[in-house]
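Subject: Handover of a structure, with notes

Dear colleague,

I am passing on the structure below, and I would be glad if you could look through it alongside the notes that follow it.

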Amino acid sequence: MGIIGDSIEKASAATATRPIPKSAGAQMRYLVKQHKGSTKAVAQLLGISQRTVERYVKDQIRRPRRELAARTEREVRKRWQPKVRQRAQQRAAQRTGLTIETRARFGFTAAPGTTDDGRIRLITQHLPPAYAARLFDAQAAGATEQQLQIIAAEGLQEIYFKDRGRRASGLLVEFTDIDYVELDF
C-alpha cells in the first residue's frame, strides 16, 4: 500500500476499543482463530513453518525474532476488531467525515497571470463525509495509491483551496511530493 492507504489503515486501527494481544503465543492463537484453525495458512502468511506456528500456539516458543514479531503484530493489527473498524468507517462516511493532516507540495492550475509553482504546505483540514465515503469505497475496491491521492486532492481542493466554492472557481490542485499524511475519523 501507499502512504494514503497506510494512513487509512492506521486511522482504522486507532479506532480499536481494546489493545491487541501482547504475547507471541496469544497473537498466533488469534491469527489461527482468524484463519479458521489453519496453522498452515498462518505459516504461509508469516513465511514460517507450520510446526513453528504450532509451537507458538502451545507456548513452546515465547520470543520470536524481531522481524517475525513485527510481521505478526502487523497481521494481528490488520485483523483486530473488524466490526469496530467498520462501524467507525461507516460513521465517518455517513455523519462525521474525516480530518486530514498533510505536508506536501501542491501545484496549481488556475487563471492566467497566477502562479503554478508548487509549494510545500502544512494543511490540517476536516473533509465532509462524502470524501470519506469515496476514500473508503476506493480503498475497498482496490484502488491504487494514485487514485486515493486524487480523491484526497479533490477534497482539499474543494474544501481548503476553493472554500466550498466561494473563491478560486477555476482552480485545479495537484497533490505531489507528499512528506506525510495522517487521517483521523
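**Helix 6 against helix 7**

The axes of helix 6 and helix 7 cross at roughly 145 degrees and come within 6 Å. Please keep in mind throughout that this is a predicted model. On the side of helix 6 the meeting residues are Gln 89, Ala 92, Ala 93, Gln 94, Arg 95 and Thr 96, and they face Pro 129, Ala 132, Ala 133 and Phe 136 of helix 7.

**Overall form**

The protein has 8 helices and 3 strands, and read along the sequence these follow the pattern α-α-α-α-α-α-β-β-α-α-β. Its radius of gyration is 21 Å, whereas a compact globule of 185 residues would have one near 16 Å. Taken along the principal axes, the C-alpha atoms fill a box of roughly 70 × 30 × 25 Å. Of the 185 residues, 39% are buried, and among contacts between residues at least 6 apart in sequence, 67% join residues at least 24 apart.

In soluble globular proteins, nonpolar side chains tend to be buried together. The largest nonpolar core here has 30 residues, and those with the most contacts inside it are Ile 4, Leu 98, Ile 100, Phe 106 and Phe 175. Two or more residues of this core come from each of helix 1 (3–13), helix 6 (82–96), strand 1 (98–109), strand 2 (119–127), helix 7 (129–140), helix 8 (145–161) and strand 3 (172–184). The largest share, 7 residues, is given by helix 8. Apart from this core lies another, of 16 residues, which includes Val 32, Ala 43, Ile 48 and Leu 68.

Leu 98 deserves a separate entry: leaving aside residues up to four places away in sequence, Leu 98 touches Gln 125, His 126, Leu 127, Ala 132, Leu 135, Phe 136, Leu 183, Asp 184 and Phe 185.

As for helix 8, its buried residues are Glu 145, Leu 148, Gln 149, Ile 151, Ala 152, Ala 153, Gly 155, Leu 156, Gln 157, Ile 159 and Phe 161.

**Aromatic pairs**

A search of the whole structure finds 4 aromatic pairs. One of them joins Phe 136 and Phe 185 in an edge-to-face arrangement, with 5.1 Å from centre to centre and 70 degrees between the planes. This pair links distant parts of the chain, since Phe 136 belongs to helix 7 and Phe 185 to the segment after strand 3, 49 residues apart. Both Phe 136 and Phe 185 are buried.

The rings of Tyr 160 and Phe 161 have their centres 4.8 Å apart and their planes at 85 degrees, so this pair too is edge-to-face. Tyr 160 is partly exposed, with a relative accessible area of 29%, whereas Phe 161, at 7% relative accessibility, counts as buried. Ring pairs also link Phe 106, Tyr 160 and Phe 161 into a cluster.

**Residues with positive phi**

Lys 36, although not a glycine, has a positive phi of about 55 degrees, and its place is in the loop between helix 2 (24–34) and helix 3 (39–46). Is Lys 36 buried or exposed? At 79% relative accessibility, Lys 36 counts as exposed, because the cut-off for that class is over 50%.

Gln 81 likewise is not a glycine and has a positive phi, of about 45 degrees, and Gln 81 lies in the loop between helix 5 (66–79) and helix 6. With a relative accessible area of 10%, Gln 81 is buried, because that class takes in values under 20%. Leaving aside residues up to four places away in sequence, Gln 81 touches Ala 16, Thr 17, Arg 18 and Tyr 30. The C-alpha atoms of Gln 81 and Ala 138, 57 residues apart along the chain, are separated by 21 Å.

Finally, Asp 163, which follows helix 8, has a positive phi near 50 degrees.

With best regards

Methods:
Residues numbered from 1 in each chain as written. Predicted model: local features only at pLDDT ≥ 70, side-chain atom pairs only at ≥ 80, totals over all residues. Heavy atoms only, no water. Core = buried A, V, L, I, M, F, W, Y, C linked by side-chain atoms within 4.5 Å. Buried < 20%, exposed > 50% of the residue type's maximum accessible area, 1.4 Å probe, protein only. Helix = DSSP H or I, 4+ residues; strand = E, 2+ residues; numbered from the N terminus. Contact = heavy atoms within 4.5 Å. Axes fitted to C-alpha atoms, helices over the stretch in contact; angles between N-to-C directions. Phe/Tyr/Trp six-rings, centres within 6.5 Å; stacked < 30°, edge-to-face > 60°. Rg over C-alpha atoms; globule rule 2.2 N^0.38 Å.
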